[in-house]
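Here is a protein chain to explore step by step. Keep the structure open as you read, and find each residue as it is named.

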Amino acid sequence: MGMWLLSECLRDWERAGRSHTVPELIAAAADVGDVPRFDATDPSLMQPGGMPARIRALAGDDPRLDDPAFLTRTILESLADAYTATLAELSALTGRRPRRLAIVGGGSNNWLLNQLTADRSGLEVTAGPAEATALGNALIQARAVGLADGDLTDLRRIVMDSSNVTTHVPTPLAAITALSNEFGADPAFVRAGGGNSSAKVDGVLWIKPSGVSMAAIGSGDLVPLRLDVLLDSLDAPDPDPSFGDPVNHIATLARTTPGRGARPWRSCSTRSSRHLRAAHPPGADQRGDVQRRRGAHHPRPVRRRRAVGRLRRSRPAARAADQEAP
């Protein structure tokens, strides 16, 4: 469907006396979060006219969609979902997963959509050239009259050498989310939504919470824990019994955004200790190191006091990693 959705909204707004530009809306949409999404391939969106109302009906009739910036962000998020679903379908049909997605034409100027697509798909996205159709047409004519030589590969090289191409890479959290979705959807790796995944970024350990399927997890579901708090707890005495479960207490202290994530600390004694050890193997890079789990099921439950003991025993390896990391 592409940018047709936003173009139709612009026409509707202009008829209502509200004039907006695409760059203006993209800049405003970049500051918007927590938007509803809809099926951007729904047949009801094929016809022109009344696009904002039709999108609002598909997105749950959220009143915030009356705001053009909010609606723009909803459109871009939904398009990124649609692109990712199409890539997954192509991968399933061909048995091959692409390593890069190339976006050409006018849509390549939409940096926010390009980044959302990279984050959602977990793929590197190259954007440009924006005038791909005109360039291709000109090159075919130039070749016909002898002004350009070579085969299709040579002509493509001319295009790339004559154009500005930007690259968008998935953020670390988007990368671990995409990997979790990929492996979580494959019964060869997990059963019944099990398995664990985490990412370590800038001193924060992001952990997949219990109660969320790997196949469906989003970056907003990951629970952030400060690594310095977790590591300091390894040498500290056990918390006072009045605080309840010691690992839950330490995890609560380490959380950077209280309340984030769904049921994050069910079975957290085994989960947090394993992720902490995995996050600090000797020689581990301290930035953007992504660790994924391919286990077929959740580990057997262990006594929480023993889990704290294992955290303490892992302290030398963690210290060594801190000293060796760049």
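**A walk through the fold**

The side chains of R73 and E77 come together in a salt bridge, with 2.9 Å from N to O. This is a predicted model. Both residues sit in helix α4. They are 4 residues apart, about one turn of the helix. R73 is buried, and E77 is buried too. Side chains of opposite charge can pair when their charged atoms come close.

What else does E77 pair with? R37 forms a salt bridge with E77. Here the closest N and O atoms are 3.8 Å apart. This pair links distant parts of the chain. R37 lies in the loop between α2 (22-29) and α3 (51-58), while E77 belongs to helix α4 (residues 68-94). The two are 40 residues apart. R37 is partly exposed, because its relative accessible area is 43%. E77 has a relative accessible area of 8%, so it counts as buried.

Now widen the view. R37, R73, E77, D81 and R120 are linked in a network of salt bridges. Across the whole structure, a search finds 13 salt bridges.

Another of these bridges joins R97 and E182, with 3.6 Å from N to O. This pair also links distant parts of the chain. R97 is in the loop between α4 and β1, and E182 is in helix α8 (residues 172-184). They are 85 residues apart. R97 has a relative accessible area of 42%, so it is partly exposed. E182 is partly exposed as well, with a relative accessible area of 34%.

Next, turn from charged side chains to nonpolar ones. In soluble globular proteins, nonpolar side chains tend to be buried together. Here the largest nonpolar core has 28 residues. Those with the most contacts inside this core are L5, C9, W13, F38, I55, L71 and I75. Which elements give two or more residues to the core? They are α1 (4-15), α2, α3, α4 and α5 (111-121). Helix α4 gives the most, with 8 residues.

Take F38 as an example from the core. Leave out residues up to four places away in sequence. F38 then touches L5, L45, I55, L58, A59, T74, I75 and S78.

Now look for the strands. An open sheet of 3 strands has the order β1-β2-β3, and its pairing is mixed. Strands β1 (100-103) and β3 (166-168) are the edges, each pairing on one side only. On average, neighbouring strands of this sheet are turned by 20 degrees against each other, direction ignored. Strand β2 (residues 124-127) runs antiparallel to β3, and 3 bridges join them. Which residue in β3 is the bridge partner of V125? It is H168.

N114 lies in helix α5. Is N114 buried or exposed? It counts as buried, because its relative accessibility is 0%.

Move on to a pair of helices. The axes of helix α9 (residues 227-235) and helix α10 (residues 246-254) come within 8 Å. They cross at roughly 145 degrees. The crossing of α9 and α10 is right-handed. Where they meet, V229, L230 and S233 in α9 face I250, L253 and A254 in α10 by contact.

Finally, check the backbone. Most residues other than glycine have a negative phi, and most peptide bonds are trans. Which peptide bond is cis? The bond from G128 to P129 is cis, with omega near 5 degrees. P129 is found in the loop between β2 and α6 (132-144).

D34 has a positive phi of about 55 degrees, although it is not a glycine. D34 lies in the loop between α2 and α3. It is exposed, because its relative accessible area is 69%. D61 also has a positive phi, near 55 degrees, and is a residue other than glycine. D61 is in the loop between α3 and α4. With a relative accessible area of 48%, D61 is partly exposed.

Terms used
Residues are numbered from 1 along each chain as its sequence is written. This is a predicted model: local features need pLDDT of at least 70, side-chain atom pairs count only at pLDDT 80 or more; totals for chains, interfaces and linings use all residues. Side-chain values use heavy atoms; hydrogens and water are left out. Two strands pair if DSSP finds at least two bridges between them. Axes are lines fitted to C-alpha atoms, for helices over the stretch in contact, and angles run from 0 to 180 degrees between N-to-C directions. A salt bridge is a side-chain nitrogen of Lys or Arg within 4 Å of a carboxyl oxygen of Asp or Glu. Buried means under 20% relative accessible area, exposed over 50%, partly exposed in between (1.4 Å probe, protein chains only). A nonpolar core is a set of buried Ala, Val, Leu, Ile, Met, Phe, Trp, Tyr and Cys residues joined through side-chain atoms within 4.5 Å. Contact means heavy atoms within 4.5 Å. A crossing is left-handed if the near helix is turned anticlockwise from the far one by less than a right angle, and right-handed if clockwise.
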